Amino acid sequence: MFADVPLFPEQASTIAPRVDAVFFYVLGVTIFFTTLIAFLVLYFAVKYRRRSEEEFPVPNVGSMKLEFVWLIVPFVLAAIMFVWGASIYIAMARPPDDALEVYVVGRQWMWKLQHPGGQREINELHIPVGQPVKLLMTSEDVIHDFYVPAFRTKADVLPGRYTHTWFEATKPGRYHLFCAEYCGTEHSRMGGWVHVLSQDDYRRWLEENADRSMALLGRNLFSKLQCVTCHSGNAEARAPVLEGLHGRTVPLRDGKSVFADDNYIRESILKPDAKVVAGYEPIMPPFVLKRSADDTEGNLTEEELMQVIAYIKSLRPGETPPRVEESIPPEKKK
Amino acid sequence: MTTAIAEPRPSPPHHRPDDRVPDYINVSYGVKSWLLTTDHKRIALLYLISITLMFFIGGAFAVVIRLELATPKGDLVSADTYNKLFTMHGIVMLFFFLIPSIPAVLGNFLVPLMVGAKDLAFPRLNLASWYVYMTGALFTLWAMLAGGVDTGWTFYTPLSTSPTTHTHVIPTAVGILILGFSSILTGLNFVVTIHRMRAPGLTWMRLPLFIWSIYGTSLIMLLGTPVITITLVLVAVERLWGIGFFDPRVGGDPVLFQHLFWFYSHPAVYIMILPAMGVVSELVTTFARKTIFGYKFVAYSSMAIAVFGFLVWGHHMFVADESAYAALVFSALSFLVAIPSAIKVFNWTATLYKGSIVFHTPMLYAFGFVGLFTIGGLTGLMLATLAIDVHVTDTYFVVAHFHYIMVGGAIMGYLGGLHFWWPKMTGRMYPEFWAKIAAAIIFFGFNLTFFPQFLLGYLGMNRRYWEYAEEYQVLNVMSSAGATILGVGYLIPFVYLTWSLWRAKEAGPNPWGATGLEWLTPSPPPQDNFPETPVVTMPPYVYSRKEAEVVG
């Protein structure tokens, strides 16, 4: 029975051995000091046990020298922990530029994942071995957290904004995916598996599950939602050109500027007045997220919003589709 | 413990029983004389009864949680019930037991005695704070009986403000909000008493270390509690009227809640552990018959912990989209707060060196505290290390860590202090044999319960899971077995301490040969504490004439 009891988690990402290395350092310090203190306390307790009621030990009010020793030694050991842990954390926060992007939407109580090629999954994620994967994540309701213990990766998934995390799997296999942030009744069942496939298997999986790409779906929405009416690709139009927008710094009307990342594009769609591009009027109507699939008040779902963003990110100069004649701009919401 | 050799030694030992001043328990009789008392010692006993009740309610929730987790499938209670159980376990244990435990019981009883005063600065406010506590507690218990709450004790938004969460969030929050005022009033009372009512000659550097720790704790209560009060009001306003503070659907920011919540709730951890550290300083010196090693370092480290404790709240949000720069700062500050804790542990250990050590039950709890707090503190360093925290936050590793601090630390300190001052509070000794058995059972049961949870957490088992993956079962069964033992361990002191009130032998004024002012007055003390105001001429922890010459 005890033979199959795991005592240490599998290491299946490039970051896992680095996290475990700093963990073993802190664990070493922990074992050393716990043993030292326990030994000294027990040794003193036995050695200096009271042998007679008349015994009054010689008082010792302290020693500056010793106080500084046990102020400085823990300080130095802790400083090493800080620097070591922080350097790995910074690596975790910066996905490599060539990372494959996967779009994640969490909701009570399931994970919905979309690949750029349009492949969609629920509670399962297929990724290739040996290639960095970046997750762009949001939630439809409360806070969730995408956690893969074998990768030592965890990031909160928040409603109303995008968060990201990344990992590079090192071993093909099947690994637990958990929701780590308490999210209500079925929190403990909000999980599934990450399948790490060899490059060949991954290519095969992509082909078998191929669908219209996210950008293509986003292009349809771009026309359907009348975005193209104003964002027509003409610099003289009422709205800025979106070609090559992602990753650029955009000057704003109030003299500030903003780096155009996913969160900025999201905000510009949902709250257009928040950051208006220099040289344009705040005339764009805000688009409203649907609270459910059959919500007629809203314009688009979280997943559709991700498709639109994927499309905008894919736009290169000259690629904006032609303006449709009968398009009329949607009325501004009251 | 202050002077050993205070000049006018109050109440010489050879009084005949009939010319004794009646002690505070026998000075008047009847329910009314207790419910309307302004005597800090009687109020301490009112708190003792109330928090003991809350402790066993919180413990009962824990028992069901551990029974459910004995198997991977959710087969004992439903998911919703389970979620309510861990939520209510946290709320009862933290807000209604641990936060008031040492301050409201031992602090209330001892602060005036230790500083040589007749009572706290505001005796009626003190009684009021107990009534406020009871109002909050009854409100919360009512909410639990009416159906409970399932948001986790952390009330994270937008889960807690979402209209789809149907449980009693607002009544519970109101209960905690009311309770907060009790904390504030108690803290205020202690701060004023320690500043203004010290006996002649009792300078700051002659204060017992317990008083220093209670002083630090009171500052946190005064400065931190209003923040949680405001936060809970904002949650209620968003839930009732949909005004957006935290839910992005109505224009709020969910992480803002976490900042506000932890701005109080992290310092609140120090409300729980600092008083226990103060208790341990008293125990180690008394039972080693030796003055504390490095008095100033131990005293100032309490203040350092109280101050730094306010600067580390962001370490609860390393994976919650916190900016990497903020995470770096909060990580560094979290390491700094560990240093004053380390200083205390080293100084207690050094105090034992060449001491004259006896192993009465309170000292066993002090040893237990030092060992378990060391493990709890060092695993805290793992959590402060950014890369490790990303992996283990929100797992059982965190659960194990904070139970080592709060159960292994704070409750060990509380039980040690309760046994140590029991003779003073009741005039009777506890039965030493049974007390040692219970201490051993608690220590063993505690470790069996919580050590496997460190392994579970690093393996990736998440907290607040009603069902879990099968490979985690063996460690969970160990933990559940340990919890059973721990539960029995906690029942034993309850039985023999109650028994001791009537049957145990009388204690006399100073059964331990301790030095504090509280040991100069009879046990139990008279209503006014001291027949004459004591005058202090010595630093604390001076155990012999010879020592008095060296230190004095």
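Leu177 of chain A has Gly192(A) as its bridge partner in strand β10(A). Strands here are DSSP runs of type E with at least two residues, and helices are DSSP runs of type H or I with at least four residues, both numbered from the N terminus. The model is predicted, so local features need a pLDDT of at least 70 and side-chain atom pairs count only at pLDDT 80 or more, while totals for chains, interfaces and linings use all residues. Residues are numbered from 1 along each chain as its sequence is written, and chains are lettered from A and ligands numbered from 1 in the order in which they are written.

**The sheet of chain A**

- Strands β9 (residues 173–179) and β10 (residues 192–197) of chain A pair in the antiparallel sense over 5 bridges; two strands count as paired if DSSP finds at least two bridges between them.
- On the β10(A) strand, Trp193(A) stands opposite His176(A), and Trp193(A) also stands opposite Glu124(A).
- β10(A) pairs with β4(A) in the parallel sense, over 5 bridges.
- In general, strands of a sheet pair through backbone hydrogen bonds, in either a parallel or an antiparallel sense.
- An open sheet of 5 strands, with mixed pairing, has the order β4-β10-β9-β6-β7 in chain A.
- Its edge strands, each pairing on one side only, are β4 (124–128) and β7 (153–157) of chain A.
- From one strand to the next, the twist averages 20 degrees.
- Helix α3 (residues 199–208) of chain A packs on this sheet and touches β4 and β10 of chain A, and its direction makes about 130 degrees with that of β4(A).
- Such angles run from 0 to 180 degrees between N-to-C directions, and axes are lines fitted to C-alpha atoms, for helices over the stretch in contact.

**Helix pairs**

- The axes of α6 (residues 262–270) and α7 (residues 302–314) of chain A come within 10 Å and cross at roughly 115 degrees.
- In this pair, Asp262(A), Ile265(A), Arg266(A) and Ile269(A) of α6(A) meet Leu305(A), Val308(A), Ile309(A) and Ile312(A) of α7(A); two residues are in contact if their C-beta atoms, placed from the backbone, lie within 7 Å.
- By class, the contact of α6(A) with α7(A) has 6 nonpolar, no polar and 2 charged residues; nonpolar means Ala, Val, Leu, Ile, Met, Phe, Trp, Tyr, Cys and Pro, charged means Asp, Glu, Lys and Arg, and the others, Gly among them, are polar.
- In chain B, the axes of helix α6 (residues 209–241) and α8(B) come within 9 Å and cross at roughly 10 degrees.
- α6(B) and α8(B) are therefore roughly parallel to each other, a term for angles under 35 degrees.
- The contact of α6(B) with α8(B) has 9 nonpolar, 3 polar and no charged residues.

**Where the chains meet**

- Chain B places 78 residues in contact with 72 residues of chain A.
- The largest share of the side of chain B that touches chain A comes from α9(B), with 15 residues.
- The residues on that side of chain B divide into 48 nonpolar, 19 polar and 11 charged.

**Confidence**

- Chain A averages a pLDDT of 89, and 95% of its residues score at least 70; pLDDT is the predictor's confidence in each residue, from 0 to 100.
- Over residues 330–334 of chain A, pLDDT stays under 50, and the model has 5 contacts beyond four places in sequence for them.

Terms used
Parallel < 35°, antiparallel > 145°, perpendicular 65-115°, else oblique.
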